[in-house]
Amino acid sequence: MKFVLRHMKSQDIDQVTGIEKEAFYPLTIGTSFTIQLRNKYSRYLVIETRPESAMSAQLSMVAGLFGIIRNLFIKSPSEAVNIAGYVGIWFQGSEGHISEIAVKKRFRGKGLGELLLIGAIRVSISNGLQMMGLEVRASNVQAQKLYQKYYFQENGIRKGYYSNDKEDAVIMATELIHSNDYQRKFLDRQRQYLDSGKQLNINI
């Protein structure tokens, strides 16, 4: 199975809506993905899963921060597309704000949440944003550890942020993502992701 990170298309909306409902239940978020795909101040990425045999690499490796490995694939229109996860990035002034990040339940534990986070950071850097931020449930320690791995730090608390149970949200933010120090550390984290045996197939 191959996992490819790419920009979301209108054809993906039904599957992404299903992932949103599964991941955030009992909250009803109801993101209007149709509107967001037309919004110049937002970007949505998805992870597409495809059988190894159905994918043909046109480009195997591009060196550098924005292309440690970038594989572009040819696919037949008749092949079914399966979406494993998605992430939304909103441009709020100079901040790239992660609005949602979710992986379909049966694909969890494969490092796809980290792949989505890598993609979100790349999008924010390539669009000239200065930092990144997000909110995460206070009880979601696993997610907080992932964000900390990519140098998000706690920056405050939003009391009673989640409507279904009034749980607090932890506000997290990065340092300046265009600094040489951050980009060096970000590159190292991507190398570690590859060294762990995971795929970094990115087409954004």
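Me: At what angle do helix α3 and helix α5 pack, and how far apart are their axes?

Reply: Helix α3 (residues 112–126) and helix α5 (residues 180–195) pack at about 150°, and their axes are 12 Å apart. The axes are lines fitted to C-alpha atoms over the stretch in contact, with angles running from 0 to 180 degrees between N-to-C directions. Bear in mind that this is a predicted model: local features need pLDDT of at least 70, side-chain atom pairs count only at pLDDT 80 or more, and totals for chains, interfaces and linings use all residues. Numbering starts from 1 along each chain as its sequence is written, and side-chain values use heavy atoms, leaving out hydrogens and water.

Me: Why is α3 called roughly antiparallel to α5?

Reply: The angle is about 150°, and roughly antiparallel means over 145 degrees (under 35 is roughly parallel, 65 to 115 roughly perpendicular, the rest oblique). So α3 counts as roughly antiparallel to α5. Their crossing is left-handed.

Me: Which residues of α3 meet α5?

Reply: Leu112, Glu114, Leu115, Ile118, Ile121, Arg122 and Ile125 in α3 meet Tyr182, Gln183, Phe186, Gln190 and Tyr193 in α5, contact being heavy atoms within 4.5 Å. The residues of that contact split into 8 nonpolar, 2 polar and 2 charged.

Me: What makes the Phe33 and Tyr86 pair edge-to-face?

Reply: The structure has 8 aromatic pairs. In this one, Phe33 and Tyr86 sit 5.7 Å centre to centre with 90° between the planes. Rings of Phe, Tyr and Trp (its six-membered ring) pair if their centres lie within 6.5 Å, and planes over 60 degrees apart are edge-to-face, under 30 stacked and the rest tilted, so both tests are passed.

Me: Which parts does the pair of Phe33 and Tyr86 tie together?

Reply: Phe33 is in helix α2 (residues 33–38) and Tyr86 in strand β5 (residues 82–92), so the pair links parts 53 residues apart in sequence. Phe33 and Tyr86 are both buried.

Me: And why is the pair of Tyr182 and Phe186 called stacked?

Reply: Those rings are 6.1 Å centre to centre with 25° between the planes, so the pair falls under the stacked limit. Tyr182 and Phe186 both lie in helix α5, 4 residues apart, about one turn of the helix. They also belong to one aromatic cluster with Tyr150 and Tyr151.

Me: How do you know whether Tyr182 is buried or exposed?

Reply: Buried means under 20% relative accessible area, exposed over 50% and partly exposed in between (1.4 Å probe, protein chains only). Tyr182 has 0%, so Tyr182 is buried. Phe186, at 0% relative accessibility, counts as buried too.

Terms used. Helix = DSSP H or I, 4+ residues; strand = E, 2+ residues; numbered from the N terminus. Left-handed = near helix turned anticlockwise from the far one by under 90°. Nonpolar A, V, L, I, M, F, W, Y, C, P; charged D, E, K, R; others polar.
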